[in-house]
Amino acid sequence: MDQKNPHLSTPTAARNFGFFVDGQWRDGTERFERASPGHGTPVTRTVRCTVEDLNAAVAAARLAFEDRRWSGLSGAARAGVLLRVAEILRRRRDEIAYWEVLENGKPISQARGEIDHCIACFEVGAGAARMLHGDSFNSLGDDLFGMVLHEPIGVVGLITPWNFPFLILCERVPFILASGCTMVVKPSEVTSATTLLLAEVLAEAGLPAGVYNVVTGSGRVIGQALSEHPDVDMLSFTGSTAVGRSCVHAAADSNFKKLGLELGGKNPIIVFSDADLEDAADGAAFGISFNTGQCCVSSSRLIVERSVAADFEKLLAEKMAKIRVGDPLDEATQVGAITTEAQNATILDYIARGKAAGARLLAGGGPIDLGRGQYIAPTLFSGVSRDMPIARDEIFGPVLCSMHFDTVEEAIQLANDTVYGLAASVWTKNIDKALTVSRRVRAGRFWVNTIMAGGPEMPLGGFKQSGWGREAGMYGVEEYTQVKSVHVEIGKRTHWIA
Ligand code: TXE
């Protein structure tokens, strides 16, 4: 144990967590044990909840919604709670980052940066709580006035994945709360700790009991039951496209609950010959290696102009070889461990398939042995054709595939040659090319001469099979509302019956 900073060494024993319903911590009979993917030692034990536990959580959220203990408060009062959450997160930043690292395997410095982003999410959510408003129609004639109201949609189910357990949570919770909804959260079974810690933070900030409930457990049992639940008004799901599809079926077969879906991506990064190639190579290396490429917006398809392709790939391979892959609790680490054994096997299998298909390996290409944990070197393939599985499938790992183009049209066509549409970036100093490509590539988030930049003021979400709806910003709050038109007659009614 590091005596100066307990948040820089693994815990001596796994920590037990309960689950959180109606403002109370509850325990269960069965638990999941989670080992740190970077170290292999047990770090947490969370409850394997039952469907009865889930039903109790939905009932608590329903009661808290119906009695208006939260939605009945003013936007200013809700904003006050959200701002207090931001303050408490500032105080507990290192501790929450630590548990995120232990369960997920991401570098500690990155995790702290993510908590800063989460703090910003609560601050923007506070602003949104005060600014949420509808519309009015003063154009319906002298005897009719129209108002459009945003009302909270009700009880929200929130299913989150393991790649950004706290960040994805915090890109949604403040906006759900800003709208006046209540919720039941089902975090990934391998990364539940920080979702549970948020329950402590919200309670301390003064959120009424029953508004935020957390039920831990497997996706197949608890996730499925939440997506089918007839008393849940909306489900926000982030995860694989396959499970997203099953949520659509579950909604159709239960109560037609509204869905927000953030699913997979196979995001293009387009580099023109007139770009600052040093900047673009740094962006490409970051875009594929950040969070070990286990990131729905990671730039996994490099589309580079043929005239500079060989030089650019050489520069990029040199940069990728310098990335510091290592122990997530080491302050100097830039890329940590692969989060699950299954994901590790999937990534290594895709690398083997890339080699077998004849793609040329320019960097990485396999595991890194650090004596414990599971690590993969940032990998670059060139000579990739668009029909290879490594070019088409979301690998969800640090594997970048390079393809070449000659014209702007060809670059756009290659970028759009995917079933996904989550994010994209373009690198060029030519304003015409930058604008043409950003307007024609079908993706929910677009970056020009940068990558993964942005804050919670801006909406996020995908085109095509990357999902439905938007999270964050005012668009994000509105997703969690129902829209009602109110028509008001002014003066004496013109009678229908003479
Ligand atoms: O995701 P799952 P997995 C992609 C990525 C990755 C692949 C598989 O390509 O390789 O998905 O990852 C819950 N009903 N992304 O298998 O299963 C589960 O408990 C309801 C992209 O881990 O989709 C967890 O809380 N819920 C993605 C959540 O769904 C169910 C992030 C996500 O797990 C369920 C993660 C069910 N039947 C993976 N089954 C992104 N867009 O960032 C599981 N879950």
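The shell around the ligand is made up of 9 nonpolar, 11 polar and 5 charged residues. The model is a predicted one, and its ligand sits in the largest pocket.

Which residues come nearest to the ligand? Among the 25 residues around the ligand, they are Trp162, Lys186, Glu189, Ser240 and Glu394. Parts of the shell can also be traced to helices and strands. At least two shell residues come from each of α8 (219–228), β11 (234–238) and α9 (241–253). Of these, α8 gives the largest share of the shell, with 4 residues.

Some side chains can be followed down to single atoms. Trp162, already named as one of the nearest residues, has a polar side-chain atom 2.5 Å from an oxygen atom of the ligand. In the side chain of Asn163, an N or O atom is 3.2 Å from an oxygen atom of the ligand. With Gln224 the ligand atom is a nitrogen, and a polar side-chain atom of Gln224 lies 2.9 Å from it. How much of the ligand does the protein cover? On its own the ligand has 810 Å² of accessible area, and the protein covers 84% of that.

The next topic is empty space. Rolling a probe the size of a water molecule over the atoms shows where such space is left. In this structure there are 3 cavities of 30 Å³ or more.

The largest cavity has a volume of about 60 Å³. Its lining includes Gly265, Lys266 and Asn267, along with Gly293, Cys295, Ser298 and Ser300. Glu394, Ile395, Phe396, Gly397 and Val399 also line this cavity. Sorted by class, the lining of the largest cavity has 4 nonpolar, 6 polar and 2 charged residues.

The second largest cavity holds about 50 Å³ of space. It is lined by 15 residues, of which Ala415, Thr418, Tyr420, Gly421 and Arg442 are the closest to its centre. Which elements give two or more residues to this lining? They are β13 (267–271) and β20 (420–421). The lining of the second largest cavity divides into 7 nonpolar, 4 polar and 4 charged residues.

Methods. Residues numbered from 1 in each chain as written. Predicted model: local features only at pLDDT ≥ 70, side-chain atom pairs only at ≥ 80, totals over all residues. Heavy atoms only, no water. 1 Å grid on protein atoms, 1.4 Å probe; cavity = no way out; pocket = protein on both sides within 12 Å on 5 of 7 lines; lining within 4 Å. Points joined across faces, edges and corners; volume = space filled by probe spheres on them. Nonpolar A, V, L, I, M, F, W, Y, C, P; charged D, E, K, R; others polar. Near = heavy atom within 4 Å. Polar contact = N/O pair within 3.5 Å; in protein donor to acceptor, adjacent residues only side chain to side chain. Areas by Shrake-Rupley, 256 points an atom, 1.4 Å probe, with all protein chains shown as cover. Sits in = over half its atoms within 2 Å of the grid points.
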